[in-house]
Amino acid sequence: MSTPLGTAPGARLAFDPEATLAALASGPRADRLRHVHEVPARPASLAEWPQWVDPSVYAACAGAGVTSLWSHQREAADLAHSGSHVVMATGTASGKSLGYLLPVLTALVEGSAAPTGRGATALYLSPTKALAADQLSRVQAMAAPGVRAATYDGDTPSEERRWIRDHAHLVLTNPDLVHHSLLPLHERWAPFLRRLRYVVIDECHVYRGVFGSHLAALLRRLRRVCARYGASPTFVLASATVRDPGDHASRLVGLPVTAVTTDGSPREAMTFALWEPGPLDEGFGATAPTDLGWSGGRPADEVPSGPQDEFFGQSFSAAELTDTSGETPARRSATSEAADLLAQLVAAKVQTVAFARSRAGVEALASSARRTLEGQPRLAAAVAAYRGGYLPEERRELERAVRHGDILGLAATNALELGVDISGLDAVLLAGWPGTRASLWQQAGRAGRAGTRSLAVFVAADDPLDTYVVNHPEVVFGQPVESTVLDPDNPHVLAPHLAAAAAELPLREADLEMFGPDARRLVDALVARGILRRRPTGWFWARSDRASDHVSLRGSGEVVGIVERRTGRVLGTIDEASAHSQVHTGAVHVHQGSTYVVTELDLEAGTATAVRGDPGWSTFAQSVSAFDVVGASDEFSWGPIDVAFGNVRVHHQVTSFLRRLPGGEVIGTHPLTLPQRTLATKAVWWTMPVDWLEAVGVAEVDIPGAAHAAEHAAIGMMPLVATSDRWDIGGVSTALHPDTGLPTIMVYDGHPGGAGFAQRAFGVFEMWLSATLEAVRSCRCESGCPGCVQSPKCGNGNEPLDKAGAVRLLEAVLRHAPEPA
């Protein structure tokens with residue numbers, strides 16, 4: 001049997017996930033284990049080696065232990081070799097890399113015999129630098145003769161960049177560099193682009209929402225510039241398992257794409273547990289035992305922020321995972337519980353990755369696990385954090401340490417979800433719902449990558465969706481993964497890309513069809529604003545600055561560097577929008593387990609200056625917001641209930657911050673002078689008459705609390721129906737909205753122009769509200785808790801909240817839903 005590319009051959013020590021789980025759930029923690037699901041093993045489906053593969057490429061693969069293919073690898077490779085655009089959507093560690101490397105390396109090896117030495121080139125795009133670096137290591141290890149591969153990103157020294165442009169066959173980069181460097185300077189890349197045979201887009205399921213819309217526009221610009229040099233590359237995409245990957249890939253590329261979805265790789269069984277933390281006053285229970293199911297010891301060398309959730313004009317930073325209400329949470333946080341589980345697994349030398357939902361959560365999880373293990377310094381040192389914002393050398397050292405077993409416990413954001421080749425993990429902890437079922441399975445698949453049985457534990461946060469999941473396991477195990485939300489026609493995204501395209505090459509009438517039906521209208525608007533100039537031969541960029549500088553692909557705008565004042569060392573980076581609430585003057589910031597206090601935020605210079613030291617308190621930003629309903633683009637009525645989807649404007653300003661002691665006591669409120677930010681976006685909202693609400697049991701005086709509680713729960717449940725994260729969306733509820741004249745509940749996309757989340761929720765409104773009602777009604781608390789109607793983002797201190805009123809409101813709304821046809 002061959003070893004698929006990207007897995008680690010060799011003998012493994014036995015790992016028993018059932019015994020490990022039993023030890024974790026022993027004693028007083030038994031009732032925290034809510035459900036156990038066994039994912040059965042999957043046998044291999046082998047395929048013959050294709051005849052068209054260059055013999056030297058086959059020899060390189062055989063040298064890496066790969067002598068036969070899984071069926072999906074062969075199917076995708078054949079399609080790509082024949083010139084068909086293809087997307088592979090199979091499980092984690094299914095060897096998707098080989099599916100695109102076979103045709104790519106074969107073309108590059110054969111092209112190396114051309115007089116120029118570069119008869120064919122290929123471009124590889126990944127969403128993270130770490131993944132591109134990992135793929136480069138993989139290609140270099142194969143040592144295909146004559147193939148020169150190199151990464152080209154923000155870390156590449158300037159002296160190397162020219163050599164890469166002039167000599168590399170395979171360039172591994174990210175969409176940001178294509179946007180900021182390759183396309184604006186395409187003349188320098190002309191020899192490379194003229195021979196471009198393949199474009200590989202790895203982890204394409206990540207490109208959803210606004211990020212996906214940006215990539216769709218970018219790929220159309222790339223196709224257009226390639227055509228200028230006579231190239232028409234074949235697109236090969238790799239994805240986690242998503243619903244309808246062919247449609248998603250086609251929308252990204254703008255061309256028909258064939259989907260390969262039958263996974264031929266073998267997979268050992270996985271034990272998947274759903275875990276609900278206990279009450280806060282219980283703690284975790286017994287100390288970590290040293291035997292959790294291993295037979296034998298491990299070798300000696302082992303080791304939006306998004307938008308805000310508003311009510312009556314106030315909000316807190318969405319980056320904070322702690323409950324900002326000052327009330328005692330009903331149960332332990334997912335971060336604390338996962339930290340204790342991680343410490344117990346590390347103590348038993350079970351190599352584990354624990355995923356948290358934010359940078360702050362990752363740092364807190366790793367720090368807490370290290371504190372639990374402080375009596376065993378060697379084990380405490382084997383716990384680390386991995387997240388975005390680290391410097392490149394920090395990330396790569398962490399990846400090396402995990403591969404070599406120096407790190408046994410790793411707390412990570414989804415930066416590690418994206419296919420970085422770290423094999424040999426035994427267990428995965430998921431601290432809170434990761435946003436989508438696709439991400440859930442992608443993260444869980446990080447364990448067992450070496451072909452052994454594995455353990456995955458989902459630890460529920462105090463959140464309506466998480467509570468719903470642990471009480472309804474069929475949501476995870478009985479449902480297909482979601483389809484991916486993507487709007488290539490988002491005018492807020494497309495217009496600046498059209499301007500950038502005109503700066504690269506003058507836009508002509510024939511080009512506009514590639515960019516969709518609204519392209520002509522947007523081009524005319526750009527002309528009216530003096531951004532483009534119309535000439536008989538097309539539309540030209542009319543300004544002296546760089547068009548690409550006006551577009552941030554990841555929707556984050558400007559980047560702020562966090563700088564240590566004493567040394568001048570850059571600790572990390574953060575997007576400018578998040579900087580307002582997370583690194584404002586006076587903010588407490590955690591980096592790699594060390595605490596800093598921000599002494600100055602200079603938005604014009606793009607720096608936040610910080611000094612090291614733990615003041616003994618944490619900080620929480622407060623803000624004020626206002627909302628305008630611009631207009632509805634779609635709507636329907638359920639009797640007295642009017643439901644709409646359309647355009648809104650959100651005005652937001654961080655005005656102050658609180659200092660809180662660890663026990664929750666507020667010790668100070670401090671004003672801030674930061675500029676207002678305005679977001680033009682999409683929202684779904686519904687209105688209800690006051691007299692109707694009174695008739696269903698919600699008195700006028702109770703409307704604010706009932707609507708507020710329903711809004712919180714609806715925000716929490718939206719990821720169930722749209723491929724959003726809770727931090728991608730915001731909301732408002734009011735007893736009298738000035739634009740509707742009625743009690744109104746609104747949930748909006750936290751991205752300019754919208755991201756498709758609110759539109760998806762509008763399309764499945766009844767399903768969305770039904771799940772919301774069930775989550776609130778089935779929660780065991782008496783008057784509301786973070787597991788149903790309290791929100792960690794609420795700027796009004798989770799007041800007023802009326803759980804019973806929310807149930808009556810939602811029940812009454814759903815009674816007017818139309819009968820199924």
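This is a predicted model: local features need pLDDT of at least 70, side-chain atom pairs count only at pLDDT 80 or more; totals for chains, interfaces and linings use all residues.
Me: What makes cysteine 61 buried rather than exposed?
Reply: Cysteine 61 has a relative accessible area of 1%.

Me: Why is helix α7 called largely enclosed?
Reply: Helix α7 covers residues 175–182, and seven of its eight residues are buried, so the rest of the structure largely encloses it. The buried ones are Pro175, Asp176, Leu177, Val178, His179, Ser181 and Leu182.

Me: What do those buried residues of α7 pack against?
Reply: Several helices and strands. Among them are α6 (158–167), α9 (209–228) and α18 (491–504), along with strands β6 (121–125) and β8 (170–173).

Me: What makes strand β12 mostly covered?
Reply: Strand β12 runs over residues 270–275, and six of its six residues are buried. That goes for both faces: Met270, Phe272 and Leu274 are buried on one side, and Thr271, Ala273 and Trp275 on the other.

Me: How do you know that β2 and β12 pair?
Reply: Pairing takes at least two bridges. Strand β2 (residues 33–39) and β12 have six, in the antiparallel sense, so the two count as paired. To find the spot in the model, look for valine 39 opposite methionine 270 of β12.

Me: How many bridges join β12 to β19, and in which sense do they run?
Reply: Six bridges, with the strands parallel. Strand β19 covers residues 454–459, and its phenylalanine 458 stands opposite leucine 274. With at least two bridges required, β12 and β19 are a pair as well.

Me: Which sheet do these strands belong to?
Reply: An open sheet of seven strands, in the order β2-β12-β19-β18-β15-β17-β16, with mixed pairing.

Me: Why are β2 and β16 said to stand at the edges?
Reply: Each has a single partner strand, so one side of each is left without a neighbour in the sheet. From one strand to the next, the twist averages 15°. The partner of β16 is β17 (residues 409–412): the two pair in the parallel sense over four bridges, with valine 383 opposite glycine 409.

Me: What lies across this sheet?
Reply: Helix α15 (residues 437–444) lies across β2, β12, β15, β18 and β19, at about 125° to β12.

Me: What makes glycine 445 buried?
Reply: Its relative accessible area is 4%. Buried starts under 20%, so glycine 445 qualifies. This glycine is in the loop between α15 and β19, where it touches Thr92, Arg267 and Met270, leaving out residues up to four places away in sequence.

Me: Which residues have the most contacts inside the largest nonpolar core?
Reply: Phe458, Trp686, Met718, Trp768 and Leu809, in a core of 87 residues. Helix α22 (residues 703–717) gives that core its largest share, nine residues. Nonpolar side chains tend to be buried together in soluble globular proteins.

Me: What does phenylalanine 458 touch?
Reply: Again leaving out residues up to four places away in sequence, its contacts include Phe272, Leu274 and Trp275, as well as Leu430, Trp433, Leu440 and Val469.

Me: Which strands are the edge strands of the five-stranded sheet?
Reply: That open sheet has the order β23-β22-β26-β25-β24, with mixed pairing. Strands β23 (570–575) and β24 (588–591) are its edges, as each pairs on one side only. The twist averages 35° from one strand to the next.

Me: How do you know that β25 and β26 pair?
Reply: Six antiparallel bridges join β25 (residues 594–602) to β26 (residues 607–612). At least two are needed, so they're paired. Valine 597 stands opposite valine 611 there.

Definitions and conventions. Residues are numbered from 1 along each chain as its sequence is written. Side-chain values use heavy atoms; hydrogens and water are left out. Buried means under 20% relative accessible area, exposed over 50%, partly exposed in between (1.4 Å probe, protein chains only). Axes are lines fitted to C-alpha atoms, for helices over the stretch in contact, and angles run from 0 to 180 degrees between N-to-C directions. Contact means heavy atoms within 4.5 Å. A nonpolar core is a set of buried Ala, Val, Leu, Ile, Met, Phe, Trp, Tyr and Cys residues joined through side-chain atoms within 4.5 Å.
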